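Please look over the sequence and the structure below before reading on. The briefing that follows goes through them topic by topic, from charged pairs to rings, strands and a helix.

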Amino acid sequence: MRGIYVHVPFCARACPYCDFDFQVGRAPDAAGFVAGLERELVARAQEMAEWTCPEEHGGSGMSEGIWSTVYLGGGTPSLLGPAGLGLLGEWLARRFPGVGGGEFTVEVNPEHGDPALYSAVRAIGGTRVSLGTQSLELEGLRTLGRVHTPAQALASVAAAAAAGLRVSADLIVGWPGQTAAGVAADVRGLVDAGAEHVSVYALTIEADTPWPTLVRRGKRRLPDSDHQADMLAAAEQALTGAGLQHYEVASYARAGAEARHNLLYWTWQDYLGLGPSAHSARYFADGAVLRRGNLRGLPAWVNDPGTPAEAERLTPEAAATEGLWTGLRDLRGLDVAAYLRRFPAVTRAWVEARVRRQVTRGNLEWADEGRVLRIAPGRWYWHDAVAADLLA
């Protein structure tokens with residue numbers, strides 16, 4: 001199983017907390033962007049020829065059917081509109097026949113989520129949308145710099161569900177002034193409207209975003225870590241109470257609605273990243289990993305789409321160390337036998353030694369008679385600390 005991620009670097013405006021790679025403008029050049037993707041693929045032709053079908057260990061990386069998932073992220077892919085999405089979808093279908101047969105996700109801003117857009121998503125093979133709702137409170141939306149209203153957010157969820165699309169919704173929690181009751185109301189609203197999957201992120205402020213400047217001007221406050229922890233706990237209580245399983249550190253889903261593309265990242269599968277700032281990873285039989293990151297910034301990428309900003313090959317043991325951390329993002333547990341098949345350079349004894357300190361501290365536990373390693377119940381809050389220790 002393999003996935004394709006396309007970074008669509010267009011936004012109508014900049015959110016004050018966001019440091020993703022995007023260009024502000026209300027009329028993105030969809031045709032120019034698709035032409036850039038074509039130039040990137042041509043420039044990476046030799047690399048693409050080396051991508052082999054994992055079942056056959058041979059053949060072309062662009063063979064029909066091997067690209068099981070596709071994710072159009074950003075930025076704001078929905079800013080392309082129905083016509084622009086159509087151009088991008090046609091290009092993907094032509095260059096990667098059968099792409100997205102397992103799952104095809106498009107990120108959508110609620111203010112764009114109307115029946116015409118969802119019809120375009122379905123027309124290009126889309127099966128799922130990820131909605132940047134972030135909050136259903138007016139104060140939260142103002143604080144986060146979002147332009148949609150709570151009513152638009154709920155209507156976009158309902159319209160997507162009515163169009164036959166699976167719906168994931170994002171929530172940002174821990175913004176100053178948020179309450180546990182507000183979090184619970186957000187969850188009820190999204191689930192009742194038709195969201196089967198919800199991703200929850202604590203508000204994180206990067207140094208090079210507008211938020212610190214707004215703090216200095218007295219127009220924003222920095223989030224408080226204890227308050228964020230309380231809001232994350234409130235979200236977990238509300239979501240699990242609504243029948244969604246907390247299956248990944250930041251994600252909750254009804255049975256069968258888990259994000260298949262995102263799970264590729266955590267279960268050591270190949271993925272191809274296209275567009276500015278997009279990343280790729282290819283796994284080899286010995287467990288080594290070849291990673292690549294594209295140039296950041298639309299102008300830089302357009303001028304030279306085939307040159308990577310970074311590229312590295314992780315040794316089998318380094319890849320196994322990183323794979324241990326990523327595998328533990330799945331709260332259902334890491335299948336140790338599957339892990340050792342993917343990373344044959346290490347042994348079970350190596351794994352046991354690597355995790356012993358975190359097991360002793362109660363952050364990790366062995367389950368299913370030692371066949372599964374997982375984050376202990378209630379310890380997912382410390383996943384970053386566990387990861388830092390495992391990677392050290």
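**Salt bridges and the model**

Across the whole structure, a search finds 19 salt bridges, a salt bridge being a side-chain nitrogen of Lys or Arg within 4 Å of a carboxyl oxygen of Asp or Glu. The model is predicted, and local features need a pLDDT of at least 70, side-chain atom pairs count only at pLDDT 80 or more, and totals for chains, interfaces and linings use all residues. Residues are numbered from 1 along each chain as its sequence is written, and side-chain values use heavy atoms, with hydrogens and water left out.

**Charged pairs**

- Glu 47 and Arg 44 meet through their side chains in a salt bridge of 2.8 Å, N to O, and both Glu 47 and Arg 44 are buried, where buried means under 20% relative accessible area, exposed over 50% and partly exposed in between, with a 1.4 Å probe and protein chains only.
- These two residues belong to a network of salt bridges that links Glu 40, Arg 44, Glu 47 and Arg 292.
- Arg 329 and Glu 248 form a salt bridge at 2.6 Å, N to O, and this pair links distant parts of the chain, with Arg 329 in the loop between α12 (316-327) and β15 (334-335) and Glu 248 in strand β9 (residues 245-248), 81 residues apart.
- Both Arg 329 and Glu 248 are buried, and Arg 329 also lies over the face of Trp 266, at 4.5 Å from the ring centre; a charge sits over a ring if NZ of Lys or CZ of Arg is within 6 Å of the ring centre and within 35 degrees of the ring normal.
- Glu 139 forms a salt bridge with Arg 142, the closest N and O atoms being 3.8 Å apart, and both residues lie in helix α5 (residues 138-143), three residues apart, about one turn of the helix.
- Helices (H or I, at least four residues) and strands (E, at least two) are DSSP runs, numbered from the N terminus.
- Glu 139 counts as partly exposed because its relative accessibility is 45%, whereas Arg 142 is exposed, with a relative accessible area of 53%.

**Aromatic rings**

- The whole structure holds 13 aromatic pairs according to the search, in which rings of Phe, Tyr and Trp (its six-membered ring) pair if their centres lie within 6.5 Å, and planes under 30 degrees apart count as stacked, over 60 as edge-to-face and the rest as tilted.
- The rings of Trp 67 and Phe 96 are edge-to-face, because their centres are 5.6 Å apart and their planes are at 80°.
- Trp 67 lies in strand β4 and Phe 96 in the loop between α3 and β5, so this pair ties together parts that are 29 residues apart in sequence; both Trp 67 and Phe 96 are buried.
- Trp 268 and Phe 343 have ring centres 5.7 Å apart and planes at 80°, so this pair is edge-to-face.
- That pair links distant parts of the chain, 75 residues apart, with Trp 268 in the loop between α10 (260-266) and β11 and Phe 343 in the loop between α13 (336-342) and α14 (348-360).
- Trp 268 and Phe 343 are both buried, and together with Tyr 283 and Tyr 339 they form one aromatic cluster.
- Arg 313 lies over the face of Phe 284, at 4.3 Å from the ring centre.

**Paired strands**

- Strands β12 (residues 279-283) and β13 (residues 289-294) run antiparallel and are joined by five bridges, two strands being paired if DSSP finds at least two bridges between them.
- Arg 282 stands opposite Leu 290 in β13, and β12 and β13 form a hairpin with five residues between them, where Gly 287 in the turn has a positive phi of about 95°.
- Six bridges join β13 to strand β14 (residues 308-314), and these strands run antiparallel, with Gly 293 standing opposite Glu 310 in β14.

**Helix α3**

- Helix α3 (residues 81-95) has 15 residues, which at 1.5 Å a residue should span 21 Å, and its end C-alpha atoms are 21 Å apart, which agrees; the expected span is 1.5 Å times one less than the number of residues.
- The buried residues of α3 include Leu 85, Leu 88, Trp 91 and Arg 95.
- The buried residues of α3 pack against elements including β1 (2-8), α1 (30-43) and β4 (67-74), contact meaning heavy atoms within 4.5 Å.
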